[in-house]
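This report describes the architecture of a protein model for a reader who is new to structural analysis. The sequence and the structure are displayed below.

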Amino acid sequence: MQKEVIVKVENVIRKFGSRTILNGINLEIFRGETFVIMGGSGCGKSTLLRHMIGALKPDSGKISMFGKDLTTLSEDEMDVIRKKFGISFQSSALLDSLTVGENVSLPLREHTRLDKSVIDIVIKMKLELVGLRGFENLLPSQLSGGMRKRVGLARAISLDPEIVFYDEPTAGLDPIVGGVIDKLILDLSQKLSITSVVVTHDMNSVFRIADRIAMLYEGRVVEVGTKDEIRNTKNELVRQFVSGSPDGPVSFFQQKDDYLEQLTK
Amino acid sequence: MLRFIESVGRLTTATCMKTWDVVSLFFQTIFWLIAGPFKKKAVRRQSIFAQMVFAGIQSMVIVFFVAFFTGIVIAMQSAYQLSKLGATVYVAGLVSVSMCRELGPVLTSLVIAGRVGAAITAEIGTMRVSEQIEALEAMALNPIRFLVVPRFLALAVMLPCLAALGDLFGIFGGYLVGVFNLNIDPNLYIDTTFRFLEAKDIMTGIFKSFIFGMIIALIASYQGLNTKGGAEGVGKATTVSVVTSFILIILADVVMTGIFYFSKM
(Lines give C-alpha, C1' and ligand atoms only; values in the text may rest on other atoms or scores of the structure.)
Protein backbone atom coordinates (compact mmCIF):
# COMPACT_ATOMS: atom_id res chain seq x y z
CA MET A 1 0.00 0.00 0.00
CA GLN A 2 1.25 3.44 -0.91
CA LYS A 3 1.88 5.49 2.22
CA GLU A 4 0.55 9.03 2.27
CA VAL A 5 3.14 11.73 2.87
CA ILE A 6 1.74 14.19 5.40
CA VAL A 7 4.76 16.42 6.04
CA LYS A 8 7.44 16.97 3.44
CA VAL A 9 10.65 18.94 3.91
CA GLU A 10 12.63 19.66 0.74
CA ASN A 11 16.11 21.16 0.63
CA VAL A 12 15.52 23.51 3.54
CA ILE A 13 18.38 25.89 4.24
CA ARG A 14 18.34 28.35 7.11
CA LYS A 15 21.12 30.64 8.28
CA PHE A 16 21.26 32.76 11.42
CA GLY A 17 23.84 35.43 10.69
CA SER A 18 26.91 33.62 9.40
CA ARG A 19 26.00 30.28 11.03
CA THR A 20 24.17 27.76 8.89
CA ILE A 21 21.75 25.93 11.17
CA LEU A 22 19.86 23.90 8.58
CA ASN A 23 21.94 22.91 5.60
CA GLY A 24 19.71 21.25 3.04
CA ILE A 25 17.26 19.09 4.99
CA ASN A 26 15.10 16.52 3.19
CA LEU A 27 12.48 14.50 5.07
CA GLU A 28 9.18 12.77 4.41
CA ILE A 29 6.80 11.90 7.22
CA PHE A 30 3.97 9.44 6.56
CA ARG A 31 0.46 9.52 7.95
CA GLY A 32 -0.01 7.59 11.19
CA GLU A 33 3.65 6.96 12.01
CA THR A 34 5.72 8.14 14.94
CA PHE A 35 8.72 9.89 13.49
CA VAL A 36 11.62 10.82 15.76
CA ILE A 37 14.20 13.46 14.94
CA MET A 38 17.26 13.01 17.12
CA GLY A 39 20.58 14.76 17.35
CA GLY A 40 22.90 16.52 19.75
CA SER A 41 22.25 19.88 21.34
CA GLY A 42 22.54 22.69 18.85
CA CYS A 43 22.32 20.46 15.77
CA GLY A 44 19.24 22.36 14.60
CA LYS A 45 16.49 19.91 15.53
CA SER A 46 14.34 22.43 17.41
CA THR A 47 14.88 24.92 14.60
CA LEU A 48 13.72 22.28 12.13
CA LEU A 49 10.58 21.71 14.22
CA ARG A 50 9.87 25.45 14.23
CA HIS A 51 10.13 25.44 10.45
CA MET A 52 7.76 22.49 10.20
CA ILE A 53 5.06 24.32 12.15
CA GLY A 54 5.53 27.48 10.11
CA ALA A 55 6.85 29.58 13.00
CA LEU A 56 10.06 30.22 11.06
CA LYS A 57 10.51 30.59 7.34
CA PRO A 58 13.45 28.95 5.58
CA ASP A 59 15.95 30.96 3.54
CA SER A 60 15.39 28.52 0.71
CA GLY A 61 13.58 25.22 0.21
CA LYS A 62 10.04 24.03 0.68
CA ILE A 63 8.04 22.68 3.59
CA SER A 64 4.62 21.23 2.94
CA MET A 65 1.98 19.88 5.29
CA PHE A 66 -1.21 18.22 4.00
CA GLY A 67 0.13 18.97 0.51
CA LYS A 68 0.22 22.75 1.02
CA ASP A 69 3.48 24.68 0.83
CA LEU A 70 3.76 26.50 4.17
CA THR A 71 6.28 29.01 2.85
CA THR A 72 3.77 30.57 0.46
CA LEU A 73 0.60 30.56 2.58
CA SER A 74 -1.06 33.73 3.83
CA GLU A 75 -1.68 34.21 7.55
CA ASP A 76 -5.36 33.20 7.20
CA GLU A 77 -4.54 30.06 5.20
CA MET A 78 -1.84 29.23 7.73
CA ASP A 79 -4.42 29.47 10.54
CA VAL A 80 -6.49 26.77 8.82
CA ILE A 81 -3.44 24.47 8.83
CA ARG A 82 -2.57 25.39 12.41
CA LYS A 83 -5.92 24.08 13.61
CA LYS A 84 -5.06 20.67 12.15
CA PHE A 85 -1.90 20.11 14.16
CA GLY A 86 -0.97 20.42 17.82
CA ILE A 87 2.35 21.11 19.44
CA SER A 88 3.70 20.21 22.84
CA PHE A 89 6.44 22.64 23.80
CA GLN A 90 9.66 21.90 25.63
CA SER A 91 8.73 24.31 28.42
CA SER A 92 5.05 23.28 28.05
CA ALA A 93 4.25 26.99 27.39
CA LEU A 94 0.95 27.00 29.27
CA LEU A 95 -0.56 30.45 29.70
CA ASP A 96 0.08 31.05 33.37
CA SER A 97 -2.79 33.46 33.87
CA LEU A 98 -5.29 30.72 32.98
CA THR A 99 -6.22 27.56 34.90
CA VAL A 100 -5.47 24.08 33.59
CA GLY A 101 -9.02 23.71 32.32
CA GLU A 102 -8.97 27.10 30.60
CA ASN A 103 -5.63 26.30 28.99
CA VAL A 104 -6.90 23.04 27.56
CA SER A 105 -10.20 24.53 26.42
CA LEU A 106 -8.68 27.69 24.92
CA PRO A 107 -8.45 26.39 21.33
CA LEU A 108 -11.99 24.99 21.61
CA ARG A 109 -13.45 28.23 22.91
CA GLU A 110 -11.65 30.27 20.27
CA HIS A 111 -12.09 28.09 17.21
CA THR A 112 -15.36 26.23 17.69
CA ARG A 113 -18.92 27.23 18.52
CA LEU A 114 -19.40 24.40 20.97
CA ASP A 115 -21.61 24.96 23.96
CA LYS A 116 -19.92 25.45 27.32
CA SER A 117 -21.33 22.18 28.66
CA VAL A 118 -19.86 20.27 25.69
CA ILE A 119 -16.50 21.98 26.14
CA ASP A 120 -16.50 20.99 29.82
CA ILE A 121 -16.96 17.36 28.81
CA VAL A 122 -14.20 17.58 26.20
CA ILE A 123 -11.80 19.07 28.77
CA LYS A 124 -12.51 16.18 31.13
CA MET A 125 -11.92 13.66 28.34
CA LYS A 126 -8.63 15.24 27.27
CA LEU A 127 -7.39 15.50 30.84
CA GLU A 128 -8.42 11.87 31.47
CA LEU A 129 -6.25 10.86 28.49
CA VAL A 130 -3.20 12.40 30.15
CA GLY A 131 -4.23 11.18 33.62
CA LEU A 132 -4.98 14.58 35.12
CA ARG A 133 -8.77 14.65 35.43
CA GLY A 134 -9.76 16.68 38.49
CA PHE A 135 -6.95 19.21 38.10
CA GLU A 136 -9.05 21.63 36.00
CA ASN A 137 -9.08 24.46 38.49
CA LEU A 138 -5.40 24.56 39.40
CA LEU A 139 -3.04 27.14 37.93
CA PRO A 140 0.03 25.96 35.96
CA SER A 141 2.31 27.35 38.69
CA GLN A 142 0.77 24.86 41.14
CA LEU A 143 1.80 21.85 39.02
CA SER A 144 5.07 19.95 38.72
CA GLY A 145 7.08 19.98 35.50
CA GLY A 146 5.82 16.59 34.38
CA MET A 147 2.21 17.52 35.05
CA ARG A 148 2.64 20.76 33.12
CA LYS A 149 4.00 18.78 30.16
CA ARG A 150 0.97 16.50 30.28
CA VAL A 151 -1.40 19.48 30.40
CA GLY A 152 0.49 20.93 27.42
CA LEU A 153 -0.11 17.65 25.64
CA ALA A 154 -3.82 17.72 26.51
CA ARG A 155 -3.99 21.21 25.06
CA ALA A 156 -2.14 20.09 21.92
CA ILE A 157 -4.77 17.42 21.25
CA SER A 158 -7.83 19.46 22.26
CA LEU A 159 -8.85 20.15 18.67
CA ASP A 160 -8.32 16.49 17.67
CA PRO A 161 -5.37 17.26 15.41
CA GLU A 162 -4.03 14.97 12.70
CA ILE A 163 -0.41 15.64 13.62
CA VAL A 164 1.16 16.36 17.00
CA PHE A 165 4.66 17.81 17.24
CA TYR A 166 6.62 17.20 20.43
CA ASP A 167 9.65 19.31 21.35
CA GLU A 168 11.78 17.35 23.84
CA PRO A 169 8.79 15.71 25.55
CA THR A 170 10.88 13.89 28.17
CA ALA A 171 13.68 16.41 28.77
CA GLY A 172 14.11 17.31 32.43
CA LEU A 173 11.69 14.66 33.71
CA ASP A 174 12.44 11.69 35.94
CA PRO A 175 12.58 8.29 34.16
CA ILE A 176 9.13 7.21 35.34
CA VAL A 177 7.35 10.38 34.24
CA GLY A 178 9.40 10.17 31.04
CA GLY A 179 8.07 6.64 30.55
CA VAL A 180 4.52 7.83 31.20
CA ILE A 181 4.88 10.53 28.55
CA ASP A 182 6.29 7.99 26.08
CA LYS A 183 3.32 5.72 26.73
CA LEU A 184 0.98 8.64 26.16
CA ILE A 185 2.59 9.39 22.81
CA LEU A 186 2.22 5.74 21.81
CA ASP A 187 -1.39 5.60 23.04
CA LEU A 188 -2.31 8.70 21.08
CA SER A 189 -0.83 7.42 17.87
CA GLN A 190 -2.34 3.94 18.29
CA LYS A 191 -5.77 4.82 19.69
CA LEU A 192 -6.41 8.04 17.79
CA SER A 193 -4.05 7.27 14.86
CA ILE A 194 -2.38 10.64 15.21
CA THR A 195 0.87 11.23 13.33
CA SER A 196 3.57 12.10 15.85
CA VAL A 197 6.75 14.04 15.14
CA VAL A 198 9.07 13.93 18.13
CA VAL A 199 12.28 15.92 18.58
CA THR A 200 14.47 14.46 21.31
CA HIS A 201 17.92 13.33 22.36
CA ASP A 202 16.64 10.87 24.99
CA MET A 203 17.75 7.51 23.52
CA ASN A 204 15.54 5.36 25.80
CA SER A 205 12.54 7.29 24.67
CA VAL A 206 13.58 7.10 21.01
CA PHE A 207 13.65 3.29 20.96
CA ARG A 208 10.38 3.04 22.88
CA ILE A 209 8.25 5.18 20.62
CA ALA A 210 9.77 5.48 17.17
CA ASP A 211 8.52 3.90 13.97
CA ARG A 212 11.22 5.69 12.01
CA ILE A 213 14.17 7.76 13.15
CA ALA A 214 16.14 10.54 11.52
CA MET A 215 19.54 11.56 12.84
CA LEU A 216 20.51 15.20 12.46
CA TYR A 217 24.11 16.39 12.61
CA GLU A 218 25.41 19.86 11.81
CA GLY A 219 22.28 20.86 9.96
CA ARG A 220 22.07 17.74 7.79
CA VAL A 221 20.14 14.49 7.97
CA VAL A 222 22.84 11.84 8.21
CA GLU A 223 20.59 8.80 8.39
CA VAL A 224 16.92 7.84 8.29
CA GLY A 225 15.68 4.39 9.20
CA THR A 226 13.61 2.12 11.39
CA LYS A 227 14.65 1.28 14.94
CA ASP A 228 16.53 -1.83 13.85
CA GLU A 229 18.22 -0.10 10.97
CA ILE A 230 19.46 2.61 13.33
CA ARG A 231 20.57 0.08 15.97
CA ASN A 232 22.59 -1.90 13.44
CA THR A 233 23.84 1.01 11.41
CA LYS A 234 27.37 1.16 10.06
CA ASN A 235 27.44 4.94 10.32
CA GLU A 236 29.99 5.75 13.04
CA LEU A 237 28.32 9.03 13.86
CA VAL A 238 24.95 7.44 14.58
CA ARG A 239 26.57 4.58 16.54
CA GLN A 240 28.41 7.03 18.75
CA PHE A 241 25.22 9.00 19.40
CA VAL A 242 23.16 5.91 20.21
CA SER A 243 25.77 4.50 22.60
CA GLY A 244 26.59 7.91 24.08
CA SER A 245 30.33 7.34 23.78
CA PRO A 246 32.61 10.36 24.28
CA ASP A 247 35.03 9.12 21.59
CA GLY A 248 34.14 8.97 17.94
CA PRO A 249 33.65 11.16 14.90
CA VAL A 250 31.60 13.68 16.92
CA SER A 251 34.14 15.69 18.87
CA PHE A 252 33.13 17.39 22.07
CA PHE A 253 36.31 19.45 22.24
CA GLN A 254 36.25 21.62 19.21
CA GLN A 255 39.77 23.08 19.07
CA LYS A 256 42.21 20.61 20.57
CA ASP A 257 45.38 21.99 19.03
CA ASP A 258 45.42 25.53 20.27
CA TYR A 259 44.39 24.60 23.82
CA LEU A 260 47.96 24.72 25.14
CA GLU A 261 48.60 27.86 23.19
CA GLN A 262 45.56 29.59 24.69
CA LEU A 263 46.45 28.53 28.21
CA THR A 264 50.00 29.79 28.05
CA LYS A 265 49.32 32.99 26.15
CA MET B 1 35.16 60.53 13.34
CA LEU B 2 33.97 58.16 10.65
CA ARG B 3 32.99 55.66 13.32
CA PHE B 4 30.94 58.35 15.06
CA ILE B 5 29.01 59.14 11.88
CA GLU B 6 28.56 55.45 11.31
CA SER B 7 27.04 54.89 14.72
CA VAL B 8 24.77 57.92 14.36
CA GLY B 9 23.55 56.49 11.07
CA ARG B 10 22.99 53.07 12.55
CA LEU B 11 21.07 54.55 15.48
CA THR B 12 18.88 56.61 13.15
CA THR B 13 18.05 53.59 11.02
CA ALA B 14 17.24 51.51 14.08
CA THR B 15 15.00 54.24 15.51
CA CYS B 16 13.15 54.62 12.21
CA MET B 17 12.62 50.86 11.99
CA LYS B 18 11.29 50.71 15.54
CA THR B 19 8.98 53.66 14.94
CA TRP B 20 7.63 51.94 11.87
CA ASP B 21 7.11 48.72 13.86
CA VAL B 22 5.14 50.56 16.55
CA VAL B 23 3.03 52.32 13.90
CA SER B 24 2.30 49.01 12.20
CA LEU B 25 1.39 47.49 15.59
CA PHE B 26 -1.05 50.39 16.00
CA PHE B 27 -2.69 49.68 12.65
CA GLN B 28 -2.89 45.95 13.33
CA THR B 29 -4.49 46.67 16.70
CA ILE B 30 -7.06 48.95 15.08
CA PHE B 31 -7.64 46.32 12.39
CA TRP B 32 -8.44 43.61 14.94
CA LEU B 33 -10.53 46.03 16.96
CA ILE B 34 -12.74 46.83 13.99
CA ALA B 35 -12.52 43.73 11.80
CA GLY B 36 -12.45 41.20 14.64
CA PRO B 37 -16.22 41.00 15.18
CA PHE B 38 -16.82 40.61 11.44
CA LYS B 39 -14.32 37.77 11.13
CA LYS B 40 -16.07 35.99 14.01
CA LYS B 41 -12.94 36.54 16.02
CA ALA B 42 -14.01 39.30 18.35
CA VAL B 43 -11.85 40.05 21.35
CA ARG B 44 -13.14 38.29 24.43
CA ARG B 45 -15.19 40.58 26.62
CA GLN B 46 -13.97 39.06 29.87
CA SER B 47 -10.33 39.82 29.14
CA ILE B 48 -11.20 43.43 28.24
CA PHE B 49 -13.04 43.85 31.55
CA ALA B 50 -10.25 42.17 33.48
CA GLN B 51 -7.76 44.61 31.96
CA MET B 52 -10.05 47.56 32.66
CA VAL B 53 -10.30 46.60 36.32
CA PHE B 54 -6.54 46.26 36.57
CA ALA B 55 -5.65 49.41 34.61
CA GLY B 56 -8.50 51.58 35.84
CA ILE B 57 -10.16 50.69 39.08
CA GLN B 58 -7.09 49.35 40.83
CA SER B 59 -5.14 52.48 39.84
CA MET B 60 -7.55 54.86 41.54
CA VAL B 61 -5.72 54.91 44.86
CA ILE B 62 -2.36 55.93 43.45
CA VAL B 63 -3.99 58.50 41.14
CA PHE B 64 -5.84 59.91 44.14
CA PHE B 65 -2.67 60.37 46.15
CA VAL B 66 -0.66 61.92 43.35
CA ALA B 67 -3.37 64.33 42.16
CA PHE B 68 -4.65 65.25 45.62
CA PHE B 69 -1.23 66.21 46.96
CA THR B 70 -0.30 67.98 43.74
CA GLY B 71 -3.45 70.10 44.16
CA ILE B 72 -2.42 70.93 47.72
CA VAL B 73 1.10 71.87 46.69
CA ILE B 74 -0.03 74.12 43.82
CA ALA B 75 -2.46 75.87 46.17
CA MET B 76 0.21 76.45 48.79
CA GLN B 77 2.86 77.63 46.33
CA SER B 78 0.54 79.99 44.46
CA ALA B 79 -0.98 81.32 47.68
CA TYR B 80 2.46 82.49 48.74
CA GLN B 81 2.93 84.42 45.52
CA LEU B 82 -0.63 85.72 45.25
CA SER B 83 -0.74 86.89 48.87
CA LYS B 84 1.86 89.52 47.98
CA LEU B 85 -0.71 91.00 45.57
CA GLY B 86 -3.57 90.46 48.00
CA ALA B 87 -5.27 88.15 45.54
CA THR B 88 -5.30 84.81 47.36
CA VAL B 89 -8.83 84.06 46.11
CA TYR B 90 -7.40 83.43 42.63
CA VAL B 91 -5.75 80.29 44.02
CA ALA B 92 -9.01 78.55 43.12
CA GLY B 93 -8.76 79.43 39.44
CA LEU B 94 -5.09 78.65 39.26
CA VAL B 95 -5.48 75.20 40.78
CA SER B 96 -8.46 74.21 38.67
CA VAL B 97 -7.08 75.42 35.33
CA SER B 98 -3.61 73.95 35.83
CA MET B 99 -4.99 70.64 37.07
CA CYS B 100 -7.47 70.24 34.22
CA ARG B 101 -5.26 71.44 31.41
CA GLU B 102 -1.97 69.86 32.34
CA LEU B 103 -1.25 68.24 35.64
CA GLY B 104 -4.30 65.97 35.92
CA PRO B 105 -3.86 64.23 32.56
CA VAL B 106 -0.05 64.27 32.44
CA LEU B 107 0.66 63.17 36.00
CA THR B 108 -2.02 60.48 35.82
CA SER B 109 -0.55 59.18 32.57
CA LEU B 110 2.97 59.10 33.96
CA VAL B 111 1.78 57.19 37.02
CA ILE B 112 -0.14 54.74 34.84
CA ALA B 113 2.84 54.29 32.51
CA GLY B 114 4.83 53.22 35.56
CA ARG B 115 2.14 51.03 37.05
CA VAL B 116 0.24 49.53 34.13
CA GLY B 117 2.71 49.97 31.24
CA ALA B 118 5.47 48.24 33.18
CA ALA B 119 3.11 45.40 34.12
CA ILE B 120 2.03 44.91 30.51
CA THR B 121 5.63 44.76 29.24
CA ALA B 122 6.72 42.41 32.00
CA GLU B 123 3.76 40.08 31.44
CA ILE B 124 3.96 39.93 27.64
CA GLY B 125 7.77 39.83 27.80
CA THR B 126 7.71 36.84 30.14
CA MET B 127 5.22 35.17 27.82
CA ARG B 128 7.60 35.77 24.94
CA VAL B 129 10.67 34.30 26.63
CA SER B 130 8.77 31.26 27.96
CA GLU B 131 7.40 30.24 24.52
CA GLN B 132 3.82 31.24 25.44
CA ILE B 133 3.53 33.68 22.52
CA GLU B 134 4.76 30.96 20.18
CA ALA B 135 2.18 28.60 21.67
CA LEU B 136 -0.58 31.14 20.98
CA GLU B 137 0.55 31.49 17.38
CA ALA B 138 0.73 27.71 16.95
CA MET B 139 -2.87 27.50 18.21
CA ALA B 140 -3.83 29.98 15.46
CA LEU B 141 -4.49 32.69 18.04
CA ASN B 142 -3.10 36.04 16.96
CA PRO B 143 -1.17 37.53 19.92
CA ILE B 144 -2.15 41.04 18.88
CA ARG B 145 -5.83 40.20 18.99
CA PHE B 146 -5.48 38.06 22.08
CA LEU B 147 -3.11 40.18 24.19
CA VAL B 148 -2.64 43.67 22.75
CA VAL B 149 -6.19 44.66 21.82
CA PRO B 150 -7.75 44.16 25.30
CA ARG B 151 -4.92 46.13 26.93
CA PHE B 152 -5.08 48.86 24.30
CA LEU B 153 -8.83 49.22 24.67
CA ALA B 154 -8.66 49.18 28.47
CA LEU B 155 -6.05 51.92 28.63
CA ALA B 156 -7.65 54.09 25.93
CA VAL B 157 -10.96 54.02 27.83
CA MET B 158 -9.79 54.02 31.43
CA LEU B 159 -7.00 56.62 31.29
CA PRO B 160 -9.39 59.49 30.40
CA CYS B 161 -11.62 58.39 33.28
CA LEU B 162 -8.66 58.34 35.65
CA ALA B 163 -7.50 61.74 34.39
CA ALA B 164 -10.97 63.20 35.04
CA LEU B 165 -10.83 61.77 38.55
CA GLY B 166 -7.33 63.20 38.94
CA ASP B 167 -8.68 66.66 37.99
CA LEU B 168 -11.32 66.35 40.69
CA PHE B 169 -8.92 65.09 43.36
CA GLY B 170 -6.51 67.93 42.62
CA ILE B 171 -9.23 70.58 42.79
CA PHE B 172 -10.38 69.03 46.06
CA GLY B 173 -6.85 69.27 47.48
CA GLY B 174 -6.68 72.94 46.50
CA TYR B 175 -10.09 73.51 48.05
CA LEU B 176 -8.92 72.14 51.40
CA VAL B 177 -5.93 74.48 51.44
CA GLY B 178 -8.02 77.46 50.32
CA VAL B 179 -10.81 76.97 52.82
CA PHE B 180 -8.96 75.74 55.90
CA ASN B 181 -5.61 77.43 55.57
CA LEU B 182 -6.22 80.61 53.57
CA ASN B 183 -9.69 81.10 55.09
CA ILE B 184 -11.43 81.72 51.78
CA ASP B 185 -15.21 81.35 51.98
CA PRO B 186 -16.13 77.86 50.61
CA ASN B 187 -18.82 79.24 48.29
CA LEU B 188 -16.49 81.89 46.98
CA TYR B 189 -13.79 79.27 46.37
CA ILE B 190 -16.13 77.04 44.35
CA ASP B 191 -17.53 80.02 42.49
CA THR B 192 -14.03 81.21 41.52
CA THR B 193 -13.08 77.69 40.45
CA PHE B 194 -15.88 77.54 37.91
CA ARG B 195 -15.48 81.15 36.78
CA PHE B 196 -11.98 80.44 35.51
CA LEU B 197 -12.52 76.93 34.25
CA GLU B 198 -13.75 76.56 30.67
CA ALA B 199 -15.15 73.46 29.01
CA LYS B 200 -12.22 73.53 26.59
CA ASP B 201 -9.74 73.17 29.47
CA ILE B 202 -11.37 69.94 30.61
CA MET B 203 -11.99 68.58 27.11
CA THR B 204 -8.43 69.06 25.87
CA GLY B 205 -7.10 67.48 29.06
CA ILE B 206 -9.31 64.43 28.65
CA PHE B 207 -8.43 64.15 24.96
CA LYS B 208 -4.73 64.28 25.79
CA SER B 209 -5.07 61.45 28.27
CA PHE B 210 -6.87 59.38 25.62
CA ILE B 211 -3.83 59.78 23.35
CA PHE B 212 -1.45 59.07 26.26
CA GLY B 213 -3.37 55.86 27.03
CA MET B 214 -2.86 54.61 23.48
CA ILE B 215 0.84 55.53 23.62
CA ILE B 216 1.36 53.61 26.88
CA ALA B 217 -0.47 50.51 25.62
CA LEU B 218 1.36 50.44 22.28
CA ILE B 219 4.85 51.02 23.66
CA ALA B 220 4.35 48.53 26.49
CA SER B 221 2.98 45.83 24.16
CA TYR B 222 5.65 46.45 21.54
CA GLN B 223 8.47 46.15 24.07
CA GLY B 224 6.86 43.05 25.57
CA LEU B 225 6.41 41.29 22.22
CA ASN B 226 10.02 42.04 21.25
CA THR B 227 11.62 40.89 24.49
CA LYS B 228 14.70 38.72 24.10
CA GLY B 229 16.97 36.90 26.51
CA GLY B 230 15.38 35.53 29.64
CA ALA B 231 14.81 37.31 32.92
CA GLU B 232 17.38 40.00 32.20
CA GLY B 233 15.67 40.73 28.89
CA VAL B 234 12.31 41.16 30.61
CA GLY B 235 13.87 43.64 33.05
CA LYS B 236 15.49 45.61 30.26
CA ALA B 237 12.34 45.66 28.14
CA THR B 238 10.31 46.93 31.11
CA THR B 239 12.76 49.75 31.76
CA VAL B 240 12.86 50.76 28.11
CA SER B 241 9.07 50.60 27.96
CA VAL B 242 8.56 52.97 30.92
CA VAL B 243 11.29 55.39 29.82
CA THR B 244 10.03 55.52 26.23
CA SER B 245 6.45 56.05 27.41
CA PHE B 246 7.52 58.93 29.68
CA ILE B 247 9.40 60.68 26.89
CA LEU B 248 6.64 60.17 24.32
CA ILE B 249 3.93 61.35 26.74
CA ILE B 250 5.76 64.61 27.42
CA LEU B 251 6.54 65.03 23.71
CA ALA B 252 2.92 64.43 22.72
CA ASP B 253 1.86 66.85 25.45
CA VAL B 254 4.02 69.60 23.99
CA VAL B 255 2.68 69.00 20.49
CA MET B 256 -0.96 68.86 21.56
CA THR B 257 -0.73 71.89 23.84
CA GLY B 258 0.84 73.78 20.93
CA ILE B 259 -2.03 72.78 18.66
CA PHE B 260 -4.82 73.47 21.16
CA TYR B 261 -3.64 76.76 22.62
CA PHE B 262 -1.04 78.31 20.37
CA SER B 263 -2.08 77.60 16.80
CA LYS B 264 -3.87 80.35 14.90
CA MET B 265 -6.72 78.13 13.79
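In chain A, six strands form an open sheet with mixed pairing, in the order S6-S7-S8-S3-S9-S10. Strands here are DSSP runs of type E with at least two residues, helices are runs of type H or I with at least four, and both are numbered from the N terminus. Two strands are said to pair if DSSP finds at least two bridges between them. Strand S6 (85–88) and S10 of chain A stand at the edges, each with a single partner strand, so one side of each has no neighbour in the sheet. Neighbouring strands of this sheet are turned by 15° against each other on average, direction ignored. Helix H5 (residues 145–156) of chain A packs on the sheet, touching S6 and strand S7 (163–167) of chain A, and its direction makes about 170° with that of S6(A). Such angles run from 0 to 180 degrees between N-to-C directions, with axes fitted to C-alpha atoms, for helices over the stretch in contact.

The model is predicted: local features need pLDDT of at least 70 and side-chain atom pairs count only at pLDDT 80 or more, whereas totals for chains, interfaces and linings use all residues. Residues are numbered from 1 along each chain as its sequence is written, while chains are lettered from A and ligands numbered from 1 in the order in which they are written.

Val9(A) has Leu27(A) in S2(A) as its bridge partner.

| Strand pair | Number of bridges |
|---|---|
| S1(A) and S2(A) | nine bridges |

The largest nonpolar core has 124 residues, and Val36(A) and Leu155(B) are among those with the most contacts inside it. Helix H6 (residues 143–181) of chain B gives the most to this core, with 17 residues. A nonpolar core is a set of buried Ala, Val, Leu, Ile, Met, Phe, Trp, Tyr and Cys residues joined through C-beta atoms within 7 Å. A residue is buried if 20 or more other C-beta atoms lie within 10 Å of its own, exposed if 12 or fewer, and partly exposed in between, with C-beta atoms placed from the backbone.

In chain B, Phe49(B) belongs to helix H2 (residues 45–55). Phe49(B) is exposed, because 12 other C-beta atoms lie within 10 Å.

Notes. Contact = placed C-beta atoms within 7 Å.
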